[in-house]
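Here is my note on the structure, point by point. Please read it with the sequence and the 3D view open.

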Amino acid sequence: MSRTTRIERYRNIGIMAHIDAGKTTLTERILFFTGRIHAMGEVHTGSTEMDWMVQEKQRGITITSAATTASWKPERGLFAGTPHRINILDTPGHVDFTIEVERSLRVLDGAVAVFDASQGVEPQSETVWRQADRHGVPRIAFLNKMDKVGADFAMSVQSIRQRLGANPVPVQLPIGAGPEFRGVVDLLRRRAFFFDEASGEPSEAQEIPEPLRSEAAALRLRLIEACAEVDGTVLGKYVDGRLQEITEEELERALRLGTLQRQLVPVLTGAAFKKKGVQMLLDAVVNYLPAPSDLPAVEGVTPDTQVKVTRPANDEEAMSALVFKLMHDKSVGTIAFLRVYSGTLRTGMAVLNTRQQRRERVGRLMFMHANKREEVEEVHAGDICAALNLRGVRTGDTLSALEAPVVLEALHFPEPVIQLAVEARSRGEQQKMEEGLARLGAEDPSLRVEVDSETGQQLLSGMGELHLEIVVDRLRTEYGVEARVGQPKVAYRETLRQKVRQDYRHVRQTGGPGQYARVVMEVGPAPRGSGLVFVDDTHNGVIPKEFIPAIEKGVAGAMQRGVLAGYPVVDVEVRLVDGDTHVRDSTPQAFTMAGSLAFQEAARQAGVRLLEPVMDVEVTTPEEFLGDVLGDLSSRRGRVRGMEGHGAVRSVSAQVPMANLFGYVTSLRGRTQGRASATLRLATYEPVPDTLQESVVAQPQ
């Protein structure tokens, strides 16, 4: 196919969901039906293509997003008979690895949200849905596990509407549920399809079974009403009462338009493990989700002037690409995953890393299939690929053509909530451990690696206990380092209690040139989440403009080191209002010191209070254990915020300080005979109660 039409036949999609909803199983079936693999692996046997890491196979969970490419020719719909290229990212469901979902959604054009049909919307599916909202990603929904006992199609659709605030529009109706699940009614075509029990292949179109005709008619009317809200042609026929004249093609086009505009979410159903409904889902991916050319041109700024520019998705534009992931491979070194937004990238091409203002020469280019590689000479707008020999590159960097530099919006990473100290068991392993942690930190921007200046220990900060457990395990399996591990600690923050004014004079005389700087600043708390708000409010040049950045640098350094207990200070406004200089002894270094010391003194006068991470906790438990679960949450300083019921199962939502949640999941399983489960994700930072702050400050760092 020609390049001009090829980009219109691209689909860059992610598979996203709560843990155990069946994402990886679904991806395996997609790869099988598209001919990418010839034998399907299973999560429970550790034989899947996409979960290739040792830790993924051992635990049966996805830890890192895996990329692959497949081809599909839809049997039905707008693009029937036309082959399309589908680039797929299978993302983790566990909340500790939410950064993998975040960076995948940043570079994808559409997503398939997978739900367990017996559970509906679960906590992590809500989290990833909000992430997709933030990145403006169109979605379709797949209600998986329709063959599971307790599967409830109507409940799942309603939970999408209520918990996610979305507009779900079923395009299928299941025929049966649980062990009786046999097929689906295609609401657009008003026909039934039954799945072969062995192959999962759908039958030829048949009449809708009599017991379902009334429900199917009602759902089809709702589908038409949803399409009428986004498409004028359908609306005109609907208003005139000419429902029988509305064609399948008109409904397909309206569904596609509504999906691209994110006004509706087509809902399909099936059972991925039994291979049921997967081919119809692939048709829907092609028919409803966008090609790169369907979306607005990516926006960026020029590095020097910060002027806004756009890069449309075509090969004739200047090349621009975003590095969204790094992976270290022992045989080839660092692999950089790229989304090419515009232009053509070729092997050996010189490009500019605009964040670092550094030239790079592209080594080998390849398409990835999990941890396997397919080398190519060039990649084009819309491609998701990987590159070698980009030595200085980091996650979030923009690569652009030398003659047309652009900086695309970088990735944003969450703050860690837990910290762990690790040290090598021998001096011989120390260097290996440092190298391993440096590479793991480059791969995973949600992992912070630093050195304790007093103990010399490596400090790891991450998103949860499992996150750090996996890091330590990878040190052992990939780098041969058996690290000693300390007790996990909460990643507290510090902030100020009130606003103060500080007049600070820094004077140092050492025999030669001296140091002189005077700063007057007003320092106080800022709104939660604002970090450092630094305002230069000086007048008449009392402090030359070239010294202002040095003052801000000094303040930022002091905030990072902490004041009360060594935790970073956050959410502070510093307003520089006055100061003066010495004609000979004032230097940027002097003003950096003045800014740092003035802030520390101001913070002590203002009073410092600790902030602790508070987690959203969602517990799913059999009703018989509800009392124990609620009592345990209360004993952990938890605040119950709501409860929902479905059958004999209760879902409890609460907020609990991270300090009281170490080992919680293990404790919960013991308390409920292994029948309850919980997910934890960062909700906010809140002040530590004054009655507890003193004891926290007294803890050794």
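**Notes on the predicted model**

1. Start with a loop. Thr-302 sits in the loop that runs between strand 11 (298-301) and strand 12 (308-311). This is a predicted model. Is Thr-302 buried or exposed? Its relative accessibility is 18%, so Thr-302 counts as buried, because buried means under 20% relative accessible area.

2. Now the partners of Thr-302. The side chain of Thr-302 makes a polar contact of 2.5 Å with the side chain of Thr-305. Set aside the neighbours within four places in sequence, and Thr-302 is in contact with Val-307, Val-309 and Pro-405.

3. Next, strand 8, which spans residues 183-186. In a regular strand, side chains alternate between the two faces of the sheet. Which residues of strand 8 lie on each side? Gly-183 and Val-185 are on one side. Val-184 and Asp-186 are on the other. All of these are buried, and both faces of strand 8 are covered.

4. Strand 8 has pairing partners. Strand 7 (residues 172-175) pairs with strand 8 in the antiparallel sense, over 4 bridges. Within that region, Ile-175 has Gly-183 of strand 8 as its bridge partner. Strand 9 (residues 191-194) also pairs with strand 8 in the antiparallel sense, over 4 bridges. Here Asp-186 stands opposite Arg-191 of strand 9.

5. Strand 8 and strand 9 form a hairpin with 4 residues between the strands. In this hairpin, Arg-190 takes a positive phi near 55°.

6. On to charge pairing in general. Side chains of opposite charge can pair when their charged atoms come close. How many salt bridges does the structure hold? The count is 48.

7. One of these salt bridges joins the side chains of Glu-618 and Arg-163, at 3.6 Å from N to O. This pair links distant parts of the chain. Glu-618 belongs to strand 34 (residues 608-622), and Arg-163 belongs to helix 6 (residues 153-164). The two residues are 455 residues apart. Both Glu-618 and Arg-163 are buried.

8. Compare the pair Asp-585 and Arg-584. Their side chains meet in a salt bridge of 3.7 Å, N to O. Elsewhere, salt bridges with shared partners join six residues into one network: Glu-126, Arg-130, Asp-133, Arg-139, Arg-163 and Glu-618.

9. Last, the cysteines. How many disulfides does the structure hold? The number is 0. Cys-227 is buried, with a relative accessible area of 0%. Cys-385 is also buried, with a relative accessible area of 1%.

Terms used: Residues numbered from 1 in each chain as written. Predicted model: local features only at pLDDT ≥ 70, side-chain atom pairs only at ≥ 80, totals over all residues. Heavy atoms only, no water. Disulfide = S-S within 2.5 Å. Buried < 20%, exposed > 50% of the residue type's maximum accessible area, 1.4 Å probe, protein only. Salt bridge = Lys/Arg side-chain N within 4 Å of Asp/Glu carboxyl O. Polar contact = N/O pair within 3.5 Å; in protein donor to acceptor, adjacent residues only side chain to side chain. Contact = heavy atoms within 4.5 Å. Pairing = 2+ DSSP bridges.
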